[in-house]
Amino acid sequence: MKTRLFILPMLLVAVSAIAKEGNPPTSDTTSCEWQKWYYDAPDFFCECEYNSIAFSFPVDTIISDTTWWTATVDDMRKGISAYWFADCSVTMEIYALCVSNTPTIVQKVGKDKMCEMDVAEINKKLEEMENLSFLTALTPHIRVYPNKVGGSGHVYCYPYNQGPHSTCENPLPLIPGMTYVCDKAENVYRLEAAKMPSSGNTFVVWKQKKNEPAEVWLTIDECEGEEVGRATLSDSLHVFQPNAEMIKEAKTSKRTLWLHVKHDEGIVGRMEYYLNPKVEESGSSVSRTTCLGKTQTFNQRIYSIDTTFVDTVRIGIDTLQTTPVTFVFTEPTIIYDTLRVDPATLSRGYRHTATGVVLFEYGDTLIDVVKTNTCTKRYLVTVLNPEGLETVSKARKARKIIENGQLFILLDDRKYNVLGQPINRK
């Protein structure tokens, strides 16, 4: 039997009720009932003090009745990410001591929900627990219980910013509204037909503090089955909206979908899945024109080529907003530069100062000078041989073009690569 309460009796009396007057329930001063009476402890004292399970991360267990854990302050300082897959809600309470009448921390997790307490929040609570310095030598106690008689569920408990690794072999169910911590490079979640809306309208959100991207895609029937939708998400504004007709067909046919989430190692993000979003029009459109080479930023995304699209972002838990967007990037005006270079110099390579391009042949070369977020400059450089007159020829004449570091040939205003293959001009 534990003797901790007798090793520090005076300290415990300082934070609990002073011993009752009257006759104790038994003369055995080592019994739990006697200790409960002596310290005027709550009814759960004996279960807390003598039936607690040693706590360690991660927790992966079934809860169908009140369960007690004995933790350490170091465990608590890691924060908590708790998942509860169940038919009712569950309550988690943390007590400084088993003689404490009220918990220091209370966290209720709804049916099929996830909750988190980060390190800062936990540490603040622990500091409140440790107003008496001797508490640092003791161990907090955690009580978890379903909030209805006969309720049960599967609980996962991880340190903050961690979560269960969901795989093809052992997938977590994809529950609408639940937050999934994705700290592994790839996770896969199983979506049953019952969790798909009849409308087929759904969306997936990816949240990452530094806007690190994640690839998300769906497969049907099997985890490694046919792909039926894919997107790259890098911010919490934009969402992945699978094809609604595909979702409706999968629900009607009772087919299973698998949601894959993949990102770089070392990245931690969060994924959420929602049904039947409300869609609002922004009431205005966006139309901008700028020079080629600069960029346009809209709703945390960057654009650098002509584009017209409808931007869809999340503005509420289940609300999306659409905005028509048009960006035009104007072509640069050509700067003509004619040079006379002797053959000896040209054979060694003549460096064109304005563009930095080294030329080796006579003729015309079209060069784009591209700098980050700066209007592109376009030069038509003509290199002439000063040693003789050029013979005017009616023959077709080719010109070289350098675009983004690649060499192309223009012939009769048609564009070819260096192998002579035609390229469609945009």
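A disulfide here is a pair of cysteine sulfur atoms within 2.5 Å. By that rule the structure holds four disulfides, and counting bonded cysteines along the chain gives the pattern 1-2, 3-4, 5-6, 7-8.

A quick word on the ground rules. This is a predicted model: local features need pLDDT of at least 70, side-chain atom pairs count only at pLDDT 80 or more, and totals for chains, interfaces and linings use all residues. Residues are numbered from 1 along each chain as its sequence is written, and side-chain values use heavy atoms, with hydrogens and water left out.

| Disulfide | S to S distance | Torsion about S-S |
|---|---|---|
| cysteine 32 and cysteine 46 | 1.8 Å | -120 degrees |
| cysteine 168 and cysteine 223 | 1.8 Å | about -55 degrees |
| cysteine 291 and cysteine 375 | 1.9 Å | about -80 degrees |

The link of cysteine 32 and cysteine 46 is left-handed. It runs from helix H3 (residues 32–38) to helix H4 (residues 45–50), with the two cysteines 14 residues apart; helices (H or I, at least four residues) and strands (E, at least two) are DSSP runs, numbered from the N terminus. Cysteine 32 is buried at 13% relative accessible area, and cysteine 46 is buried at 17%. Buried means under 20%, exposed over 50%, and partly exposed in between (1.4 Å probe, protein chains only).

The disulfide of cysteine 168 and cysteine 223 is also left-handed. This pair joins the loop between S9 and S10 to the loop between strand S14 (214–220) and strand S15 (226–233), 55 residues apart. Cysteine 168 is partly exposed at 23%, while cysteine 223 is buried at 7%. Glutamate 169 sits in that S9–S10 loop too, and is exposed at 71%. Its C-alpha is 8.9 Å from that of cysteine 223.

Cysteine 291 lies in strand S20 (residues 286–291) and cysteine 375 in the loop between strand S28 (363–369) and strand S29 (377–384), so their link ties together parts 84 residues apart in sequence. Cysteine 291 is buried at 16%, and cysteine 375 is partly exposed at 35%.

What about cysteine 157? Cysteine 157 is in no disulfide, and the nearest cysteine sulfur, from cysteine 115, is 8.0 Å away. Cysteine 157 is buried at 5%.

On to a sheet: four strands make an open, antiparallel one in the order S11-S18-S13-S16, where strands pair if DSSP finds at least two bridges between them. Strand S11 (179–182) and strand S16 (239–240) are the edges. S13 (residues 202–207) and S18 (residues 269–275) pair over six bridges, with threonine 202 opposite leucine 275.
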